Amino acid sequence: MDLAIVRRALACLEPAEDAGRGLDGALSRLLGLLAELPACKNAAVVLADADNPTAIRAQLGAPDVSLLLEAALDRKTSRTAPRVLRRGQPPVAADEAGELACAREEAAMLAAPIQAGLDMPGGWLFADGLAGGDASLADELRLLAVFADVAAAQVRATCVAQERNRELAGETAFLRSKVSLRYRHLFSEGASPRLEALRAAVDQAARCASPVLLLGEDGTGRSVLARLIHELSPRAVRLFSVFSAARTDNPAVELFGGSRGLDTPGVPGLIEETDGGALLVEDAHLLPPAIVERLARFLAEGVFVRVGGSRPRRSRTRVLLKASPQGPSPELAEAAPMAIIRVPTLRERPEDIPALLDHLLSLESVRDARRLSLTPKALKALEAYDWPGNIREMRELVARLAVTAPEDRIDIADIPPEMLAEGERPQVLPEDAAELRDMERQQVLSALTRHGWVQSRAARELGLTLRQIGYRIRKYGLIREGDGPEGLRRG
């Protein structure tokens, strides 16, 4: 036999890029090498473990499936010795020396055990022949055992990689939980009755294991609450995944996985990969009917089927549904008892707005080394605003003000006019305002030119702070001739 085939078989031991999904592909490549041998027309790999029943994981040609499964499920004869399968008769196992008491014409299929180790999938490698010609059955069975050892090594490598991935996922989930605790302040700053009720509902949902339905407008913080519920629960060390049907080309496969095809390996979905953790389903009220039907079954029974498959699978993934105030379809909402949390808008808890603004300003202050605050007039104006974008809009406004406000003390003139009531908007400047702006622009430009565009010196001449002159440079788009904005020096 060409030793190049053996060398290529050993090359199959290289780790797959995706260890969780690559075993079937690696086994298929191994059978592809067997197909290059002169007498191999049909072959298969059958595996089983504690979590998955006996199944054909890779196949070449059209082997007799009933014969293979009967041999794989046989508990009467030794499962450690290579053997020859015969039709209508018991298999013949090789003795300790590897010899066989069987004629070639009796052999329907050769079988060699795949022994990866304890707590790992095990099974059989089947082939109807290998070298052919003058090779004896015993020699062919010895050769098949070599390939079976390669398959066992593939199984071990995959199991080790999967365990490593699970450990890394657990560590990542723990680190994420520590990092994202800062978002909890979005719902701890304030003392309105609605916020108190929301905190109680989140704590209760974290203690139970039922699905959760988060209802509310866009920007109210439903995704943040979903993560908090997970992190406060016993599942916090497990994965937290997010599914959005709008952000994937094949949402059903993304969520439930796809079954093995003739040319494609099986693909686990998020429900399978997040086993033991929590899965946030975004925009549950917009899910296609086909996904609603599958998801409703999983919520009711804890069972799902991969797309294109028929075998029911179980998962302990906890589902959190994020939906509009009207909720998801009745089929989904009534599939199982749920913890229902209605997330209030900022309009419904206006007394929390000052504390929330103060918290967001403090976060920006730490990030930019400033001491940002609001004047009483600016705070009053923002309290009167109805915040249609809720917390998300408030967070974006504070981030914007941290960049555009010339002073640490943010006044009403710094707030976008569209957020102010009619009587609070700054008056329109007189007709000569353009001339005044041109004068100020020329004054700043002349000072910068005299001092070689060193901002600190120009600011000292004009009686401005560094931040104030920086604001005016941005406001008027001042750029030193021949330079970009990076050519400016602060001092």
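Tutor: Then let us begin with α3, where Leu67, Leu68, Ala71 and Ala72 are buried, buried meaning under 20% relative accessible area, exposed over 50% and partly exposed in between (1.4 Å probe, protein chains only). Seen down the axis of α3, these buried residues line one face of the helix, because they fall within an arc of 125 degrees, the arc being that of the directions from the helix axis to the C-beta atoms. Before going on, please keep in mind that this is a predicted model, in which local features need pLDDT of at least 70 and side-chain atom pairs count only at pLDDT 80 or more, while totals for chains, interfaces and linings use all residues. Residues are numbered from 1 along each chain as its sequence is written, and side-chain values use heavy atoms, with hydrogens and water left out.

Student: Why would residues a few places apart end up on one side?

Tutor: An α-helix has 3.6 residues a turn, so residues three or four places apart point the same way.

Student: And which residues of α3 are exposed on the other side?

Tutor: Those are Ser66 and Glu70.

Student: What do the buried residues of α3 pack against?

Tutor: They pack against β1, β3, β5 and β6, where contact means heavy atoms within 4.5 Å. The helix as a whole, residues 65-72, lies across β1, β2, β3, β5 and β6, and runs at about 145 degrees to β6. Axes here are lines fitted to C-alpha atoms, for helices over the stretch in contact, and angles run from 0 to 180 degrees between N-to-C directions. As for the element names, helices (H or I, at least four residues) and strands (E, at least two) are DSSP runs, numbered from the N terminus.

Student: In what order do the strands of that open sheet come?

Tutor: The sheet is open, has 6 strands in the order β2-β1-β6-β5-β3-β4, and pairs them in the antiparallel sense; two strands pair if DSSP finds at least two bridges between them. β2 and β4 (89-93) stand at the edges with a single partner strand each, so one side of each has no neighbour in the sheet. On average, neighbouring strands are turned by 20 degrees against each other, direction ignored.

Student: How many bridges join β1 to β6?

Tutor: There are 6 bridges between these antiparallel strands, and Ala43 stands opposite Ala127 in β6. On β5, Leu110 also stands opposite Ala127, within a pairing of β5 and β6 that has 5 bridges. β3 (residues 83-86) pairs with β5 over 3 bridges, with Arg83 opposite Ala111.

Student: Is β6 mostly covered or mostly open?

Tutor: Mostly covered, since 5 of the 6 residues of β6 are buried.

Student: OK, on to the hydrophobic part. Which residues touch the most other members of the largest nonpolar core?

Tutor: Leu34 and Leu125 do, in a core of 35 residues, a nonpolar core being a set of buried Ala, Val, Leu, Ile, Met, Phe, Trp, Tyr and Cys residues joined through side-chain atoms within 4.5 Å. The elements giving two or more residues to this core are α2 (23-34), β1 (43-48), β2 (55-60), β5 (109-114), β6 (122-127) and α4 (137-179), and α4 gives the most, with 11 residues. Leaving aside neighbours within four places in sequence, Leu125 is in contact with residues including Leu31, Leu34, Val45, Leu144 and Phe147. A second, separate core has 27 residues, among them Leu215, Ala245, Val292 and Ala336.

Student: What about disulfides, how many are there?

Tutor: The count is 0, a disulfide being a pair of cysteine sulfur atoms within 2.5 Å. Cys159 is buried at 17% relative accessible area, whereas Cys208 is partly exposed at 31%.

Student: Now the loops: where does Glu282 lie, and what is it in contact with?

Tutor: Glu282 lies in the loop between β9 (278-281) and α9 (289-301), and is buried, with a relative accessible area of 13%. Apart from neighbours within four places in sequence, Glu282 is in contact with Ser223, Val242, Phe243, Ser244, Arg247 and Lys322.

Student: And which loop holds Ala236?

Tutor: Ala236 is in the loop between α6 (222-231) and β8 (240-243), and is buried at 16%. The C-alpha atoms of Ala236 and Gly277 are separated by 7.5 Å, although these residues are 41 residues apart along the chain.
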